[in-house]
Structures are given as C-alpha cells and as structure tokens.
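Student: I would like to go through a structure feature by feature. Please give the general idea each time, then the case at hand.

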Amino acid sequence: MGVAVPDTYVELADLAMARGVAPGKYVEGLGVTRMGVPLVNEDTVTLAARAARMALESAGCSPEDVGLLVVGTETAVDHSKPVASYVQGLLGLPTRCRIFETKHACYGGTAALQMALDWVRSGSAKGRKALIVCSDIARYGVGTPGEPTQGAGAVAMLVSDTPALLALEAGKTGVYSKDVMDFWRPLYSKDALVDGHYSVQCYLDALEGAYRAYQEAAAEPAGEGAYSDRFAALVYHVPYGKMSRKAHRHLRTLDGDTAPDASFDRLVGNSLVLPSQVGNIYTGSMYLALASLLSTASQDLTGQRVGLFSYGSGSCAEFFSGVVQAGAQERVKALGLEARLTRRRALSIPEYEDVMRAREHLDERPAADAAGTGFRYQGTRDHKRIYAT
Ligand code: CAA
C-alpha cells in the first residue's frame, strides 16, 4: 500500500472563522481537523504516481511485475487519455500491462479492486500483480456547505495471490446500486454539486442494502450477539468523520443494538485518525481509513476480520471483508504516514482561496521551462500535459 497527500493543508478551525461559523461545527460537527489542498503543481496524476511508487517500494516490487494498472478517479484530467497512462509513463511500467481508468464517484477504486481480484483469482495474472490506485481532488465551491468536506490524496494497492496486508474473502461481498442524484460533477464544472443531506440518506440506504446483501452472500450460521461483532474493525467510506459515526450507528441499529454508539471507538475509532487530517479523498477515502486502522491500532489484528464499506454517489456501494495478515500492521506503520502529515505546510485562508482560483485554469497553464523533479505537474504545451519526473 502507498499513500500520497498534498504538501499543504487548511486548518478547519481557520476556515470556520473565515466563514463566520463556529469552529466546533467543522471540527466536532463534521469530524474533520484539516483538509489537504493541493498547489498548482499537483494533480490527480502526480498524487497517483507518488502513491504508486510508495506501494511498489514498500512491497519491494519491480514495475516489471505489474500486469494490470487501473486508476479509479472522479477527477480525470482528460476525456480520453486515462490518468493510468500518465502513471505508467512516470513509473516506467512495462508495455505488457493492461491499463485503464474507472469511474463511479467514490466507488471507482473499489470497482477496480474487485476487478483486479477476479483477474488474480481467474489465473489471468500468471504471477503478476495488479496495481490499483485511487486518486482524487475533492472540490466544492468556496462558501458552500460542502467546502469543509474537501480534501485530496491517493492510495495505491498491489493485489496478488500472496497478500501481505489483507486477504480479501472470496464471495463475501454485498452490492447495492441505485440511480440517485445525490452528488455529481457536471462536465462543465470543476466543482462538485451535491444535495448534501439527501446524500447522507443515500449513503445510509446503500449501507443497509449492501450489508444485508453481504450477510446473505456470506451465509454464515446464526450466532449470538450483534452480527458486526464478527469483525474486529469496521472501515467505512469517510467523506467526513461524522459520516462514519452515522454509518456505524445505523449498522448497529440494524444489528438490533440498542446502544449503537457504544462500540464506535472500539470498532471504528482507529480508522479515522488519518482521514480527519486529510479530508475527503473520494475514491481513496475508505482505503486511507484502512491504512489508518492498520497504522494506529494498538491491538494485534493478525488473523482478525475487517469489514469494509465503499460508497460512490449516484450510486453504487459494496460491503466486503478481509483478514489481516501477519506483519501487516508493522508494514503500514513503517510507511510513517502520521509523521508525513505533520510535515505539511498550513495555508492561510487567503492563500487557499488563491489556490482555488488558480486551479480553475489549471488545464490552460503554460508549462514552465524550468524542469522540476518528483512527479510534478508543470502545465500544458501544445495541449499536452507535461510532468516532471
Ligand atoms: N459544534 C458542534 N457541532 C455542531 C455545531 C457546533 N457549533 N454546529 C453544528 N454542528 C453539527 C450539527 O449538529 C451536525 O451534526 P449532526 O449531523 O450529527 O446533526 C453537523 O455539525 C453538521 O451540521 P449541518 O448538518 O447543519 O451542516 P451543513 O448543512 O452545513 O452540511 C453536509 C453538512 C451536508 C455534510 C455538507 O458538508 C455537505 O454537503 N458535504 C458534501 C456531501 C457529503 O460529504 N455527503 C456525504 C454522503 S455522500 C458520500 O459519501 C460521497 C462523497 O464522498 C461525496
């Protein structure tokens, strides 16, 4: 697994004060402390490439071992050329590699992951690995209710038949999809449009449908107590931390728990440590929450089962599960994700608003002549995006 977030962020308490809102509304009410805001030299491609490089290095995997690369995103940089092709070029992946992009709002990465699992299980992988990257920049209009739920980042995962972190359980998955208009990004708009409170209800309806479908598919013998106590932890899609709390309350109520909040810290708390400092990263949000669980949980999760809930507006959702592998927590801790977050730079609100304005014209930005380093977006030349390696 690899994770990339922007080098800069906005403090939610500062944003609240600038908008004339009590800081408690954003920090406690939404459960977000900081949100990642990328500068103009960072985009979906650079975030994806940085996360993918970390995943390859952390697994000791050569680019030559990758036979499938899929990038899930709802922040595409082109109507035709996929983010995945840029990532292939930046990382030097082999030409004998199937490459494409998937889209279904925040579910796009999970769609790619499930497809990769089938590729591995079918034998088509022939020992090669799939590289799945979720990369997005969440963007709502300045001054809108969605503004404090922005964020940006990428999570990359290597999928193989010898998993080192999580063994995803074959057949144990429940899907729910429904055509709803809760959140969308029209082709003419860089900002997302959202029917905020309705989107929360759509998420909860999808959770209920997917969780019921999971239980039917898993077909496990009835047991004592709440069904969700079969999991050592639950990782929900996190548009903002409070949404995970609402999700957990709903799921435990479905389980017949009359004190549905009582298990929140035990089952969900660790998964929110990193997301609360990054904000919504759309496709990668649930996977950042998984990284958060594995890097911050103090108890040994080896051999324990984790429940995962992925939600994409529009909508498609999936509840699935995996078993934590020996050494997984040490591997993710070794990525030093919490320390990386402390090295970011805070933007003042005027600086943040300048960046938001500049991002509106990012696609026309002339490429700088000076070469940069480290997977940075330099601008466009002859309508082609130029990246520094
Ligand atoms: N101190 C503490 N808490 C406070 C407070 C204060 N001073 N003032 C308000 N609050 C609490 C409120 O009680 C509320 O908590 P509850 O939900 O538990 O009641 C919380 O702060 C938020 O307050 P509001 O509901 O009044 O906030 P809002 O109307 O301004 O907007 C929102 C909230 C709808 C989530 C908005 O931020 C939004 O539209 N966000 C984008 C959409 C989104 O993230 N939807 C999630 C589901 S869809 C999805 O998951 C896909 C995706 O990634 C987008």
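Tutor: We will take the annotated sites, then a helix, then the salt bridges. The model is predicted, so local features need pLDDT of at least 70 and side-chain atom pairs count only at pLDDT 80 or more, while totals for chains, interfaces and linings use all residues. Residues are numbered from 1 along each chain as its sequence is written, and side-chain values use heavy atoms, with hydrogens and water left out.

Student: Which residues does UniProt list for "binding site"?

Tutor: UniProt positions are given in the numbering used here, feature names are shortened, and annotations may be inferred rather than shown by experiment. The unreviewed entry lists Tyr140, Lys246 and Asn280 under that heading. Tyr140, Lys246 and Asn280 are also included in the lining of the second largest pocket. A pocket, on a 1 Å grid over the protein atoms alone, is an open set of points where a 1.4 Å probe fits, with protein on both sides within 12 Å along at least five of seven lines; lining residues have an atom within 4 Å of a point.

Student: Is asparagine 280 buried or exposed?

Tutor: Buried means under 20% relative accessible area, exposed over 50%, and partly exposed in between (1.4 Å probe, protein chains only). Asparagine 280 has a relative accessible area of 2%, so it is buried. Its place is the loop between helix H9 (275-278) and helix H10 (285-296); helices (H or I, at least four residues) and strands (E, at least two) are DSSP runs, numbered from the N terminus. Contact means heavy atoms within 4.5 Å. Not counting residues up to four places away in sequence, asparagine 280 touches residues including Tyr140, Thr149, His237 and Ser285.

Student: Where is lysine 246, and what is it in contact with?

Tutor: Lysine 246 is in helix H7 (residues 241-254). Its relative accessibility is 32%, so lysine 246 counts as partly exposed. Leaving aside neighbours within four places in sequence, lysine 246 contacts Val200, Leu204 and Tyr240.

Student: Which residues of helix H13 are buried?

Tutor: In H13 (residues 349-359), the buried residues are Ile349, Tyr352, Val355, Met356 and Arg359. They lie on the same side of H13 because they cover an arc of only 120° around the axis, where the arc is that of the directions from the helix axis to the C-beta atoms. The buried residues of H13 pack against strand S2 (8-11), helix H1 (12-18), strand S3 (34-36) and strand S6 (129-138).

Student: How many salt bridges does the structure hold?

Tutor: Side chains of opposite charge can pair when their charged atoms come close. A salt bridge here is a side-chain nitrogen of Lys or Arg within 4 Å of a carboxyl oxygen of Asp or Glu. The structure holds 23 salt bridges. One of them joins aspartate 191 and arginine 139, at 2.5 Å from N to O. Aspartate 191 lies in the loop between strand S9 (183-184) and strand S10 (193-194), and arginine 139 in the loop between S6 and strand S7 (151-159), so the pair ties together parts 52 residues apart in sequence. Aspartate 191 and arginine 139 are both buried.

Student: What does arginine 305 form a salt bridge with?

Tutor: Its partner is glutamate 220, with the closest N and O atoms 2.5 Å apart. Arginine 305 lies in strand S12 (residues 305-312) and glutamate 220 in the loop between helix H6 (196-218) and strand S11 (233-236), so this pair ties together parts 85 residues apart in sequence. Arginine 305 counts as buried at 13% relative accessibility, whereas glutamate 220 counts as partly exposed at 23%.
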